[in-house]
Number of protein chains: 2
Amino acid sequence: MDRNENTLHSFLMIGQSNMAGRGYIKDVKPIYDEHIKMLVNGRWQTMTEPINFDRPTSGIGLAASFAGAWRMKNENLQIGLIPCAEGGTSLDDWEVGGPLFDNAVFQTKLAQRTSLLSGFLWHQGENDSFGGRSSYYFDKLTNLVAAFRKELQAPDVPFIAGGLGDFLSSGRYGTYFTEFSAVNQALREYADTTANSYFVAASDLTANADGLHFDAISQRKLGVRYFDAFYGRKNVLGPLDDENELINRIQDKPLTRNEKAALLEISFARGDLSLADFENQLSTLNSMPS
Amino acid sequence: MDRNENTLHSFLMIGQSNMAGRGYIKDVKPIYDEHIKMLVNGRWQTMTEPINFDRPTSGIGLAASFAGAWRMKNENLQIGLIPCAEGGTSLDDWEVGGPLFDNAVFQTKLAQRTSLLSGFLWHQGENDSFGGRSSYYFDKLTNLVAAFRKELQAPDVPFIAGGLGDFLSSGRYGTYFTEFSAVNQALREYADTTANSYFVAASDLTANADGLHFDAISQRKLGVRYFDAFYGRKNVLGPLDDENELINRIQDKPLTRNEKAALLEISFARGDLSLADFENQLSTLNSMPS
């Protein structure tokens, strides 16, 4: 679609579990903003987390705080997230013409009916961190991203890739991911040698008890770093000076009356609020000056 | 794909919120069976609920107990569910060529790469129960199902449609759904006049506090009725004599060691189980005779 002031700017989420998100929802404040959408069944709805429900264990990912940071710089515009990440996948699983690739292309084409594709958000590599797979990472990623760009007619759209966590070398699966540093080097090299491509370091980020998945607050941090890379068209090689403050600003953004009503509706529909309490709180909300 | 003993039999879930499912997960026992799959990102994984994550309020739907009942009659076969239902949608929202229709067709085609499409599961109509819309229901449904059959090359695959709940006339939105009986008649008439199409009554089923969505146990009942219609190639016009017993058998099916290990893994990944407890329980499980 043509770009204008009402354009919804969409971002494709691809990769494996740390793009889908496994942070615990209880560990961070929610992000709820009517101008942040997610694609479900080919249509846009207001984003809630988990966004990328690829597993019963899906939770907080980096896309929500990415979107929140984007909104800080685009006060009157809408952003839409296209969730297509799939846990436990290698680059071979993402082969061109396979179901993951074809689904991501199709979902993005549905999104493009009503939005302007504005970025690729990639986080993947744990499943290419063993058995010699890392030596093929650069070439396979190059082919994959080129295929996405071609299929989606998106030659210049920024591609942001994040590094794997340093915690991978310890923890329950520590002996497994022997090549994660080589994958990080390949991701960095890809960004350094490919137009419109940027690398975001996972420095200082921490994991769930599994030693495998970024915890919720680390996903919030990674998301604002992704936005910094996107906005500045640059690599982000360490923590931002103000990342905690920025996360607080995003999470504490005041809710509009519509947003408050929508959250009440969700609580009621989930059974967390009785009908009487729901109607009382809705009535109180509607009687307040807007 | 060709049919053989290893064929996965797939079923497309389409319609609105009561197909997606809004029953509270805490209200029923889980159904977990490695032979019951769901399509996510174009690939099959073991089914967990919610299956059809169209909203943050998604919960128990009818498809899980449908699949459980199917498994009782197909002990060595696999079933796969293709979740494409979208809350709050009218038949106009399902127009041929629109995002919901195109997404459902595409997801089913991805599923058909590795499965045999074996049925359509439809529940929809609340959003056509007002404003004169019910008088167009029969014709619009006829066109829609014909288009699905054509796109998916599935002229003879059974189509199962369930009735709307009697509770719709009371409750919070009671005055809204003035034409729900007419929609039920149209669904019944469609089944009675169309080959390979069957109607399932929602008799005696109950709702959440919203008076709008089937509660969890009602969804379990509706699912086994859908299976009775599918298996018997007939309308099911009231409760089954043994539906409670059948639901118990499905929910209490003994878990294999693999299934128990997978559920432990999910609990751990969700943070419901510490690393030490997870490893202890896994170790105990693996030391037991299989």
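Mentor: Start with Leu285(A), which sits in helix α9 (residues 275-287) of chain A. The model is predicted. Leu285(A) has a relative accessibility of 6%, so this residue counts as buried. What does Leu285(A) touch, beyond residues up to four places away in sequence? The partners are Arg257(A), Lys260(A), Ala261(A) and Leu264(A). Leu263(A) gives a distance to go with that: 22 residues from Leu285(A) in sequence, and 12 Å from C-alpha to C-alpha.

Start from the count: 36 aromatic pairs over all chains. Take Phe11(A) and Phe230(A) from chain A. Their ring centres are 5.1 Å apart and their planes meet at 80°, so this pair is edge-to-face. The cut-off for that label is over 60 degrees. Phe11(A) belongs to strand β1 (residues 8-15) of chain A and Phe230(A) to helix α6 (residues 216-232) of chain A, so the pair ties together parts 219 residues apart in sequence.

Now the chain B pair. Phe268(B) and Phe278(B) have ring centres 4.5 Å apart and planes at 5°, so they are stacked. Phe268(B) is in helix α8 of chain B, and Phe278(B) is in helix α9 (residues 275-287) of chain B. The two are 10 residues apart, and the pair links distant parts of the chain. Phe268(B) counts as buried at 3% relative accessibility. Phe278(B) counts as buried at 0%.

The charged end of Arg233(A) sits over the Phe230(A) ring, 4.7 Å from its centre. Chain B has an arrangement of this kind: Arg233(B) lies over the face of Phe230(B), at 4.7 Å from the ring centre.

Rings also gather in a cluster in chain A. Ring pairs link Trp94(A), Phe101(A), Phe120(A), Trp122(A), Phe138(A), Phe148(A), Phe159(A) and Tyr190(A).

Thr108(A) is placed in helix α3 of chain A. Its relative accessibility is 0%, so Thr108(A) counts as buried. Leave aside neighbours within four places in sequence, and Thr108(A) is in contact with Leu12(A), Ile82(A), Leu117(A) and Leu152(A). Thr193(B) is placed in helix α5 (residues 180-193) of chain B. Thr193(B) is at 52% relative accessibility, so this residue counts as exposed. The cut-off for exposed is over 50%. Thr193(B) and Glu151(B) are 42 residues apart in sequence and 22 Å apart in space, C-alpha to C-alpha.

Next, the empty space. Rolling a probe the size of a water molecule over the atoms shows where such space is left. How many cavities of 30 Å³ or more does the structure hold? There are 2. The largest cavity has about 530 Å³ of space. Its lining has 25 residues, and the closest to the centre are Asn41(A), Phe53(A), Asn41(B), Phe53(B) and Pro83(B). Elements that give two or more residues to that lining are β2 (36-40) and α3 (99-112) of chain A, with β2 (36-40), β4 (78-83) and α3 (99-112) of chain B. By class, the lining divides into 15 nonpolar, 8 polar and 2 charged residues.

The second largest cavity has about 40 Å³ of space. Ile31(A), Tyr32(A), Asp33(A), Ile36(A), Gly68(A), Met72(A), Ile250(A) and Lys253(A) line this cavity. They divide into 5 nonpolar, 1 polar and 2 charged.

Last, the largest pocket, with about 1200 Å³ of space. Its lining takes 42 residues, and nearest the centre lie Ile25(A), Pro50(A), Phe53(A), Pro56(A) and Arg270(B). Two elements give two or more residues to the lining: α8 (257-269) of chain A and α8 (257-269) of chain B. The largest share, 4 residues, comes from α8(B). The lining of this pocket divides into 24 nonpolar, 9 polar and 9 charged residues.

Notes: Residues numbered from 1 in each chain as written. Chains lettered and ligands numbered in written order. Predicted model: local features only at pLDDT ≥ 70, side-chain atom pairs only at ≥ 80, totals over all residues. Heavy atoms only, no water. 1 Å grid on protein atoms, 1.4 Å probe; cavity = no way out; pocket = protein on both sides within 12 Å on 5 of 7 lines; lining within 4 Å. Points joined across faces, edges and corners; volume = space filled by probe spheres on them. Nonpolar A, V, L, I, M, F, W, Y, C, P; charged D, E, K, R; others polar. Phe/Tyr/Trp six-rings, centres within 6.5 Å; stacked < 30°, edge-to-face > 60°. Buried < 20%, exposed > 50% of the residue type's maximum accessible area, 1.4 Å probe, protein only. Lys NZ or Arg CZ within 6 Å of the ring centre and 35° of its normal. Contact = heavy atoms within 4.5 Å.
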